[in-house]
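Please look at the sequence and the structure together, and keep both in view while reading the paragraphs that follow.

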Amino acid sequence: MKPTQPVKPNSNITALLESMSQTGFQGRKLGESLGIWTRMVADPDCTIFMGLSGAMIPAGMQNVLIELVKHRYVDVIVSTGANIFHDTCEHLGVRHYLGHHHANDEALFAEGIDRIYDVFAYEEEFRSIDAEIARFADTIAPFRGSSREFIRLLGDWLREQKPQGQSLIATCAEHDVPIFIPALCDSSIGIGLVMARRRGVAVDVDQLADTDEITRMVEEARKTGVIYVGGGVPKNFIQQTQVIASIHDQNLGGHAYAIQYTTDAPHWGGLSGCTFEEAISWGKEAPACPRVQCFCDATIALPIVASGLIGSGVERTRRSP
């Protein structure tokens, strides 16, 4: 029995999180997540996979994610298509605006304004980016490959088209961090590619190639750590790599580290709230792996923990190929 240690206010975010790890409830989980993420970064054998769901880019998390990539605190990203579409918008100058969740949505529709909870955006501007993605497809056609390959090309194209722009995908292209979008057609990127296809542009994103490529990355890594922002398809896409590997006679023993920030609860039976303990029954997490799930809005947790990581000065000793 170790007594809790009451937390004190502290302008040092790293120290604050470390002290929170000795308290209780979700504050403790948030503090513990910093410790586990730090262990991943300091482990020279660990390849770190991040699952990114929710509307993180419209909610203002773009710079946080960019800094995580620049500091090499993640090695591979699996995202929803929506996040990467909104990221592309920001790179090309299409902004998201402060709105309100009690707005009149019929009035917004009449004005051509889309609402993402309390964030507003112009529908016509979004459609202009759909058209840009279709135009980009023209430049790479004929194309057949994984979403990882497609997004890498898109990131390079954005850097060429607007060098002064900033985006997660451009940063990942620059730092050689692959991005997978396993449900790419379920996004405005998919809409743009349908526009191109109806014009006869030969572009085919092979989602089975995605599954094979990311599983091979897991198979070739000495250890893997996972960080889930929300849940959904990105979480399962990373989790199932352990199952696929075992089917092909590579029993890797599950992910060696695991963190999740989610507002979903396990008792509804959905994957987004599924506990890591349940995942052990599938062989997706190692039974003894350091793991923590913080039931907290990711727009609160992510900037705080990222600040704690950067403030700690922890550096990658080696990034697994």
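Cys185 counts as exposed because its relative accessibility is 66%, where exposed means over 50% relative accessible area, buried under 20% and partly exposed in between, computed with a 1.4 Å probe on protein chains only. The model is a predicted one, in which local features need pLDDT of at least 70 and side-chain atom pairs count only at pLDDT 80 or more, whereas totals for chains, interfaces and linings use all residues. Residues are numbered from 1 along each chain as its sequence is written, and side-chain values use heavy atoms, with hydrogens and water left out.

Cys185 sits in the loop between β7 (179–180) and α9 (188–198); helices here are DSSP runs of H or I with at least four residues, strands are runs of E with at least two, and both are numbered from the N terminus. If residues up to four places away in sequence are not counted, Cys185 touches Gly190 and Gln207, contact being heavy atoms within 4.5 Å. Gln207 is 22 residues from Cys185 along the chain, and the C-alpha atoms of the two are separated by 9.8 Å.

Apart from neighbours within four places in sequence, Leu52 is in contact with Leu65, Val78, Ser79, Thr80, Asn83, Leu168, Val229 and Pro234. Val78 lies 26 residues from Leu52 along the chain, with 6.0 Å between their C-alpha atoms.

Asn83, one of the contacts of Leu52, is also among the buried residues of α4. Helix α4 (residues 81–91) is mostly covered, with 10 of its 11 residues buried, including Phe85, His86, Asp87 and Glu90. After α4 comes Gly93, whose phi is positive, near 95°.

The next topic is strand pairing, which requires that DSSP finds at least two bridges between two strands. Strand β5 (residues 119–122) pairs in the antiparallel sense with β3 (residues 97–98) over 2 bridges, and β5 also pairs in the antiparallel sense with β4 (residues 113–116), over 4 bridges. Phe120 in β5 is the bridge partner of Tyr97, and Phe120 is the bridge partner of Arg115 as well. The hairpin of β4 and β5 has 2 residues between the strands, and in this loop lies Tyr117, which has a positive phi of about 55° although it is not a glycine. Tyr117 is exposed, with a relative accessible area of 52%.

Asp249, in the loop between α11 (232–247) and β10 (257–262), likewise has a positive phi, of about 60°, without being a glycine, and at 69% relative accessibility Asp249 counts as exposed. A further backbone feature is the cis peptide bond from Ala141 to Pro142, with omega near -5°; Pro142 is placed in the loop between α6 (123–140) and β6 (143–145).

Finally, how do two helices meet? The axes of α1 (residues 13–20) and α13 (residues 298–312) come within 7 Å and cross at roughly 115°, the axes being lines fitted to C-alpha atoms over the stretch in contact, with angles from 0 to 180 degrees between N-to-C directions. That makes α1 roughly perpendicular to α13, a term for angles of 65 to 115 degrees, while those under 35 count as roughly parallel, those over 145 as roughly antiparallel and the rest as oblique. Ile13, Thr14 and Leu17 in α1 meet Ile304, Val305, Ser307, Gly308, Gly311 and Ser312 in α13.
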